[in-house]
Amino acid sequence: MTNSCKVHSPATIANLVCGFDILGMALHEPFDIMELVLLDEPKIIIRNKDNFNLPTDPEKNVAGVVLLSIMERMGNRIGFELEMEKHIKPGSGIGSSAASAAGAAVAANHLLGNIFSDHELVQFAMNGEKLASGVKHADNISPCILGGISLIRSIHPLDIVSITVPDLFVTVIHPQIEIKTSYARQILRQQVSLKDAIRQWGNIAGLVAGLLQNDPDLIGRSMEDVIIEPVRSILIPGFDELKIKTKEAGALGGGISGSGPSIFMLSKEKQTAIGVESVMKEVYDKIGIDYRTYVTTINKKGVEVIA
Ligand code: HSE
């Protein structure tokens with residue numbers, strides 16, 4: 001058994017617009033790099049190799065709480081030393097906390113001889129999401145660990161369905177403002193009208209059918225959210241304009257990535273996805289907010305042990 005490993009833990013897009021807390025997909029870019037060492041005593045040491053100044057106290061660190069839960073399951077006979085090089089900015093809406101949590105869980109499992117199932121890894125990693133957002137949700141964690149697109153049919157008990165991945169291109173813009181997931185959840189309405197629920201159910205079913213049938217147009221038109229987006233989009237400058245203009249540029253559809261502020265759009269062709277990126281940049285240059293963009297594809301592997 002090796003006692004150290006390195007993993008790449010990918011960004012993820014939760015919700016896929018209409019599927020709040022139940023749908024998510026993994027991306028090829030960006031990804032975090034994590035190095036984990038197995039220790040023969042029960043302690044967790046965390047070191048940051050980036051400039052995000054995340055807490056190194058394991059109880060307050062997303063990856064730390066995941067490692068603590070694994071250490072406890074192992075009867076406190078082992079410990080871990082973690083070096084984090086995050087490239088997914090916290091508060092970006094592209095699964096920064098999930099990448100830390102899932103990466104830690106997969107790396108630890110690798111060092112322990114892969115004794116835990118994927119479902120168990122999702123359970124461990126959800127402890128990290130609980131710390132980050134106050135609620136256990138698996139729509140980033142599951143695709144981050146399993147790769148591709150996940151449907152979380154239920155959390156209690158955990159019931160995850162992997163969905164066929166279409167050959168689509170993903171353009172993401174990450175405006176450099178921070179929206180805390182916990183805040184973006186607090187502001188949501190707690191009641192939903194039957195009319196809105198029916199519309200949302202239609203869209204979720206349409207999206208899943210579109211993915212299974214590899215029907216890009218059905219995927220695109222099902223990416224409509226009448227419940228969450230109207231509330232959260234207010235926090236994202238230029239959201240409506242960006243969505244309209246990127247669709248005019250040929251994007252199939254898209255919307256807020258996770259709890260925002262990142263926005264993603266899907267395209268059939270790479271050239272279209274690059275054109276969509278230009279339109280996104282124009283919108284944000286005009287607003288005058290710094291941003292990062294990515295043109296990428298759906299990552300079918302999830303967290304990868306690279307050394
Ligand atoms: N489903 C979660 C939310 C994802 O939208 O609050 C957070 O990244």
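The shell around the ligand is made up of two nonpolar, six polar and four charged residues, where Ala, Val, Leu, Ile, Met, Phe, Trp, Tyr, Cys and Pro count as nonpolar, Asp, Glu, Lys and Arg as charged, and the others, Gly among them, as polar. This is a predicted model, in which local features need pLDDT of at least 70, side-chain atom pairs count only at pLDDT 80 or more, and totals for chains, interfaces and linings use all residues. Residues are numbered from 1 along each chain as its sequence is written, and side-chain values use heavy atoms, with hydrogens and water left out.

Let's walk around the ligand. Its surrounding residues, each with a heavy atom within 4 Å of it, include F20, D21, H137, T181 and R185. Domain 1 (4-163 + 300-305) and domain 2 (169-297) each give at least three residues to this shell; the bounds come from an automatic or database domain assignment.

Now for the polar contacts, pairs of N or O atoms within 3.5 Å. A polar side-chain atom of D139 is 2.6 Å from a ligand nitrogen. Ligand oxygen atoms lie 2.8 Å from a side-chain N or O atom of N15 and 3.1 Å from one of N140. The protein buries 96% of the 260 Å² that the ligand exposes when taken alone, by the Shrake-Rupley method with a 1.4 Å probe.

The largest cavity holds about 60 Å³, and its lining, residues with an atom within 4 Å of a point, includes N15, R232 and G258.

Definitions and conventions
A polar contact is a pair of N or O atoms within 3.5 Å; within protein, one must be able to donate a hydrogen and the other to accept it, and residues adjacent in sequence count only if both atoms are side-chain atoms. On a 1 Å grid over the protein atoms alone, a cavity is a set of points where a 1.4 Å probe fits but cannot get out, and a pocket is an open set with protein on both sides within 12 Å along at least five of seven lines; lining residues have an atom within 4 Å of a point. Grid points are joined across faces, edges and corners, and a volume is the space filled by probe spheres set on the points.
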